[in-house]
Amino acid sequence: MKEQYNDSIQNRFTAYLVAAVVHRRIRYMEQKRKRIDHERILMDLLEKNYLDFDTQFHAYVSERENAVVRDWVQFREILDLLGSRKLVRAVERLKEREKTLLFARVFGELSFTELAEMLDINPKQAEMAYYYVVRKLRKELEVWMRHGQ
Amino acid sequence: MDSDRTKFEALLLHAKNGDKNAQEEIFRMYRPLLIKNAMDKNLFDEDLYQELSATLISCIRTFQI
């Protein structure tokens, strides 16, 4: 009896130790992985220097490109509608200034700033005026659609 | 055979009581285990080894004979 008891002491101790060690190792590895992840994020942030002209410039150019694409989508909508005489007639009915705004923006692809310079108003006014024309045209076309050809 | 078994119990008791030699002996016995568990992808992690050594000391202290 006593022999068995003694026999198991070292085995028990070893099992006890192994469990504790494996447990500790797992926790340690998790902490280590988190630490490495945080360090990587930090290094990334350090590399992104917001005073870097190159980065800022490229971001600016990309943004402008996106803006042009958005306008192209509207342009295509108009092109599609041009197939119908309704739109042509609606455009003909616009005032001179409204026509100018529309064509300069759509065909001339002028920015609102350039548009503003041309009309001697400020860019925000140019933007608002342009979209007013667009809305006006849309409304007219809706009316036409409701009343048929 | 018998003396080996009682030897460990005695060793452990001495270590629990603060006997440095006994503690070192137990360390020698279990060092391979600690080293093996301190390996991280074939690299030895010194910090982890230190932690596991502390774990061993703690186990010696808390183990109920």
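## A buried serine in chain B

Ser53(B) sits in helix H3 of chain B. This is a predicted model. Ser53(B) counts as buried because its relative accessibility is 9%, and the cut-off for buried is under 20%. Which residues does Ser53(B) touch, leaving aside its neighbours within four places in sequence? They are Phe27(B) and Leu34(B).

## Where H2 meets H3 in chain B

Ser53(B) is also one of the residues in a helix contact. Helix H2 of chain B covers residues 20-37, and helix H3 of chain B covers residues 46-62. The two pack at an angle of about 140°. Their axes are 10 Å apart. That angle makes H2(B) oblique to H3(B). The crossing is right-handed.

From H2(B), the contact draws on Ile26(B), Phe27(B), Tyr30(B), Arg31(B), Leu34(B), Ile35(B) and Asn37(B). H3(B) supplies Leu48(B), Tyr49(B), Leu52(B), Ser53(B), Leu56(B), Ile57(B) and Ile60(B). By class, 11 of the contact residues are nonpolar, two are polar and one is charged.

Next comes a loop in chain B. It lies between strand E1 (39-40) and strand E2 (43-44), and Lys41(B) is found there. Asn42(B) lies in the loop between E1 and E2 of chain B too. Most residues other than glycine have a negative phi. Lys41(B) is not a glycine, yet its phi is positive, about 55°. Asn42(B) is not a glycine either, and its phi is positive at about 65°.

Are these residues buried or exposed? Lys41(B) counts as exposed, with 75% relative accessibility. Asn42(B) counts as exposed as well, at 73%.

Over all chains, the whole structure holds nine aromatic pairs. One of them is formed by Phe13(A) and Phe8(B). A pair of aromatic rings is described by the distance of the centres and the angle of the planes. Here the ring centres are 5.7 Å apart and the planes stand at 50°, so the pair is tilted. Phe13(A) belongs to helix H1 (residues 2-47) of chain A, and Phe8(B) to helix H1 (residues 2-16) of chain B, so the pair joins two chains.

Both Phe13(A) and Phe8(B) are buried. They also belong to one aromatic cluster, together with Tyr16(A), Tyr30(B) and Phe63(B).

## Where H4 meets H5 in chain A

Chain A has a helix contact of its own. Helix H4 (residues 96-106) and helix H5 (residues 112-119) of chain A have axes that come within 10 Å. They cross at roughly 145°. H4(A) passes H5(A) in a right-handed crossing. On the H4(A) side, the contact is made by Thr100(A), Leu101(A), Ala104(A) and Arg105(A). On the H5(A) side, Phe112(A), Leu115(A), Met118(A) and Leu119(A) take part. Six of these residues are nonpolar, one is polar and one is charged.

## A phenylalanine between the two helices

Phe107(A) lies in the loop between H4 and H5 of chain A. Its relative accessible area is 48%, so Phe107(A) is partly exposed. How many residues separate Phe107(A) and Phe75(A) in sequence? The answer is 32, while the distance in space is 8.4 Å, C-alpha to C-alpha. Leaving aside neighbours within four places in sequence, Phe107(A) is in contact with Phe75(A) and Leu102(A).

Methods
Residues are numbered from 1 along each chain as its sequence is written. Chains are lettered from A and ligands numbered from 1 in the order in which they are written. This is a predicted model: local features need pLDDT of at least 70, side-chain atom pairs count only at pLDDT 80 or more; totals for chains, interfaces and linings use all residues. Side-chain values use heavy atoms; hydrogens and water are left out. Axes are lines fitted to C-alpha atoms, for helices over the stretch in contact, and angles run from 0 to 180 degrees between N-to-C directions. Helices (H or I, at least four residues) and strands (E, at least two) are DSSP runs, numbered from the N terminus. Angles under 35 degrees count as roughly parallel, over 145 as roughly antiparallel, 65 to 115 as roughly perpendicular and the rest as oblique. A crossing is left-handed if the near helix is turned anticlockwise from the far one by less than a right angle, and right-handed if clockwise. Contact means heavy atoms within 4.5 Å. Ala, Val, Leu, Ile, Met, Phe, Trp, Tyr, Cys and Pro count as nonpolar, Asp, Glu, Lys and Arg as charged, and the others, Gly among them, as polar. Rings of Phe, Tyr and Trp (its six-membered ring) pair if their centres lie within 6.5 Å; planes under 30 degrees apart count as stacked, over 60 as edge-to-face and the rest as tilted. Buried means under 20% relative accessible area, exposed over 50%, partly exposed in between (1.4 Å probe, protein chains only).
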